[in-house]
Amino acid sequence: MAVKSESLSWRLQRASRVFAASVLLSLIGMSVELAVFVVASSLILLTDLFHWAVDTVLEVVFLATLVVASKTRRRFPWSIIAVESSLTTLSCIAILGVYFYVFADYLFSLSESASVTTQEYTPLVATVSGGVLTVLAYSILSRAYRKYRIELLRVDSIHALVDTVAALMASLGVVLVVRTGSTAVELFFTFILMLFVFHSMIEVFKNNIKAFTGGQLDAELASRIAQRVKSELDKNASLLGVEARKLGSFYVVNVELEVDPDTTVLELHRLRERVVKTVLGVSELIYHVDVKYKPKYKRRVRRARRGLNSKRNR
Ligand SMILES: [Zn+2]
């Protein structure tokens, strides 16, 4: 067990290094977009910049989760997760607010000048280099997932793949708007890019809501754990129930057992160790196992009654 948890924390550490690289790529992408936006402002580029900002927040959340996870195997510091979730939610709302403020400003100037905001090809520098960075992030993340098998890496690599499409759409949008000079085309591509932003935002909020509500129940994993635990138990203990909750990419498992009231504390302690080991063996993403006991009252009553009877017979 010690070896296994060590190898998991090693994998988590490696995965968090990969995420650190991915955060760095995001920051570079965001800076390039920002720099180009200052020189050649455009509604499409603004929306793409907004997307980069939300994605950077998302990656920082992933990185923080992995760093916390790799440092503390047994006790998951929920208070840190709660603070982190509220911070990311607040920063996403702030980013959203800034975006809509600038967006409204653009729409207003658009109605006054009646011309498109994307008038030159310069924004392509940002969208194309953004696309290259995204492809790079995808290849790093998917290779790391095949190596370390950490769920968050897979989630983020899929996101990078989706974002490659977003970069293509942004570039296509810039070209088409400059060629046609049509505000309708510009608004259409802005809308499409907004969908990608909402895709990212939903991911941020989904993570946070799960952390606040105590996770999502996983019935399939619970039944798999129940089968394994049942095969481990002797006749003095029986399984009452198993609950597996998913938090981010990790699971917290509750096992409830019914035990003979005459069981000694030492036996309970050994039973608990055995059950925890069995449960941790089911999946490496299981983070914490709680074992609760209930005495088997029926048996005690029966025994007490038998005891009384034998006394009476004597
Ligand atoms: Zn994205």
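Helix axes here are lines fitted to C-alpha atoms over the stretch in contact, and angles run from 0 to 180 degrees between N-to-C directions. Helices (H or I, at least four residues) and strands (E, at least two) are DSSP runs, numbered from the N terminus.

Two remarks about the source before I start. This is a predicted model, in which local features need pLDDT of at least 70 and side-chain atom pairs count only at pLDDT 80 or more, while totals for chains, interfaces and linings use all residues. Residues are numbered from 1 along each chain as its sequence is written.

Now the first helix pair. Helix α7, residues 219-232, packs with helix α8, residues 265-282, at an angle of about 145°, and their axes are 9 Å apart. The crossing of these two helices is right-handed. Handedness works like this: a crossing is left-handed if the near helix is turned anticlockwise from the far one by less than a right angle, and right-handed if clockwise. On the α7 side, the contact is made by Arg224, Ile225, Arg228, Val229 and Glu232, and on the α8 side by Arg274, Val275, Thr278, Val279 and Val282. Contact between two residues means that their C-beta atoms, placed from the backbone, lie within 7 Å. Sorted by class, this contact has 5 nonpolar, 1 polar and 4 charged residues. The classes are these: Ala, Val, Leu, Ile, Met, Phe, Trp, Tyr, Cys and Pro are nonpolar, Asp, Glu, Lys and Arg are charged, and the others, Gly among them, are polar.

Let me step back to the whole chain. The protein has 9 helices and 4 strands. Read from the N terminus, the order of elements is α-α-α-α-α-α-β-α-β-β-α-β-α. Of the 314 residues, 32% are buried. A residue is buried if 20 or more other C-beta atoms lie within 10 Å of its own, exposed if 12 or fewer, and partly exposed in between, again with C-beta atoms placed from the backbone. Among contacts between residues at least 6 apart in sequence, 76% join residues at least 24 apart.

The second pair is α2 with α4. Helix α2 covers residues 43-71 and helix α4 covers residues 123-148; their axes come within 10 Å and cross at roughly 30°. That angle makes α2 roughly parallel to α4. The cut-offs are under 35 degrees for roughly parallel, over 145 for roughly antiparallel, 65 to 115 for roughly perpendicular, and oblique for the rest. This crossing is left-handed. Ile44, Leu45 and Asp48 of α2 meet Pro123, Ala126, Thr127 and Gly130 of α4. By class, that contact has 4 nonpolar, 2 polar and 1 charged residues.

How far does α2 reach from its first C-alpha to its last? The distance is 43 Å for 29 residues, close to the 42 Å expected at 1.5 Å a residue. The expected span is 1.5 Å times one less than the number of residues in the helix. α2 is also mostly covered, with 23 of its 29 residues buried.

For α4, 26 residues should span 38 Å, and the end C-alpha atoms are 37 Å apart, which agrees. Its buried residues include Leu133, Tyr138, Leu141 and Tyr145. After α4 comes Arg149, with a positive phi near 55°.

Next is helix α5, residues 151-180, which contains Asp156. The 30 residues of α5 should span 44 Å, and the end C-alpha atoms are 44 Å apart, so the two agree. Is Asp156 buried or exposed? Asp156 counts as buried because it has 28 C-beta neighbours inside 10 Å. Setting aside residues up to four places away in sequence, Asp156 touches Ser22, Glu59, Phe62 and Leu141. Phe62 is 94 residues from Asp156 along the chain, yet their C-alpha atoms are separated by 8.7 Å. Just after α5, Gly181 takes a positive phi of about 65°.

Tyr251 is buried, because 24 other C-beta atoms lie within 10 Å. Beyond four places in sequence, the contacts of Tyr251 include Asp218, Leu221, Ser283 and Tyr287. Glu256 has 14 C-beta neighbours inside 10 Å, so Glu256 counts as partly exposed. The C-alpha atoms of Glu256 and Tyr293 are separated by 5.9 Å, at 37 residues apart along the chain.
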